[in-house]
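Work through the exercises below with the sequence and the model open. Each task is followed by its solution.

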Amino acid sequence: MASKKSPVDFKRDPAKTLKVGEGFRLADVDPDSAPGFPGRKSDGAAHLERQDALLAGLQERLFAASKGGSPERVLLVLQAMDTAGKGGIVSHVVGAMDPQGVRLKAFKAPTDEEKSHDFLWRIEKEVPGAGMVGVFDRSHYEDVLIHRVHGWADETELERRYAAINEFEERLIAEGTRIVKVMLHISKDEQKERLLARLEDPAKHWKYSTGDLKERGFWEDYQAAFQAMFEKTSTAAAPWYVVPANKKWYARIAVQQLLIDALEDIDPQWPAADFDVAEQIAAVEAS
């Protein structure tokens with residue numbers, strides 16, 4: 001009888017290998033790499049499935065703990081160039097959790113009303129409540145990325161926004177929010193292949209936007225804007241993680257592990273019963 005293949009696990013935690021630290025350079029990150037994970041695509045798929053139950057269980061504990069008064073919550077921030085796989089993270093990673101404990105917000109271009117307020121106004125309204133896992137598909141960081149690339153804000157305003165973001169996140173952390181900031185990093189060639197794949201499949205035409213091609217023309221400017229964003233807003237309390245994303249399977253298990261790490265660090269506890277358990281057992285048995 002053939003022996004069962006042993007599961008492949010991370011050799012180094014993504015929280016260590018992918019964290020943006022002092023001296024970080026985005027240009028040094030290989031989008032095709034799989035830091036810390038020695039397996040192949042099939043191993044990654046098996047790992048993702050194997051860890052689903054752990055992630056879902058931790059999320060349930062987080063949700064339950066809030067009923068007992070715990071203020072803890074998690075916010076996953078996803079930033080990336082177009083086609084990098086944010087939707088796949090939402091489907092394959094976040095999708096393993098109970099929807100009642102997840103708050104997903106995909107930020108689009110601001111409305112006229114939103115433009116009449118400071119850039120964080122629309123963000124504030126979407127932060128997750130106690131016990132929730134919030135997911136921002138794009139976020140407040142659009143207001144320093146795209147504005148830098150297209151010159152819609154000058155350097156003074158950009159500096160103000162970086163500072164406002166740091167203060168905003170510090171306040172969220174003080175209120176019990178664990179922030180996991182992820183940039184999915186793909187190569188320009190990989191984006192080209194993914195755009196072509198969308199155009200060649202009628203079932204994916206709805207995902208394609210001519211605006212994606214326009215923004216692709218500013219590729220190097222966006223790389224510089226991401227680098228500036230990391231330098232200004234990767235803090236000790238809310239660091240950035242750059243996840244190589246040419247291999248979709250790797251990006252998914254890496255983000256899954258970052259969420260598991262955050263939840264395990266919170267270590268949410270089941271709330272104590274607010275009734276006499278023995279009395280209720282007797283009542284149920286007698287019913």
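The chain contains twelve helices and five strands; helices (H or I, at least four residues) and strands (E, at least two) are DSSP runs, numbered from the N terminus. This is a predicted model, in which local features need pLDDT of at least 70, side-chain atom pairs count only at pLDDT 80 or more, and totals for chains, interfaces and linings use all residues. Residues are numbered from 1 along each chain as its sequence is written, and side-chain values use heavy atoms, with hydrogens and water left out.

**Exercise 1.** Compare the radius of gyration of the chain with that of a compact globule.

Solution. Step one: the radius is taken over C-alpha atoms, and the globule rule is 2.2 Å times the number of residues to the power 0.38. Step two: for 287 residues the rule gives a value near 19 Å. Step three: the chain has 21 Å, which agrees.

**Exercise 2.** Check the span of helix H10 (residues 219-233).

Solution. Step one: the expected span is 1.5 Å times one less than the number of residues.

**Exercise 3.** Classify Ile 281 as buried, partly exposed or exposed.

Solution. Step one: buried means under 20% relative accessible area, exposed over 50%, and partly exposed in between (1.4 Å probe, protein chains only). Step two: Ile 281 has a relative accessible area of 45%, so this residue is partly exposed.
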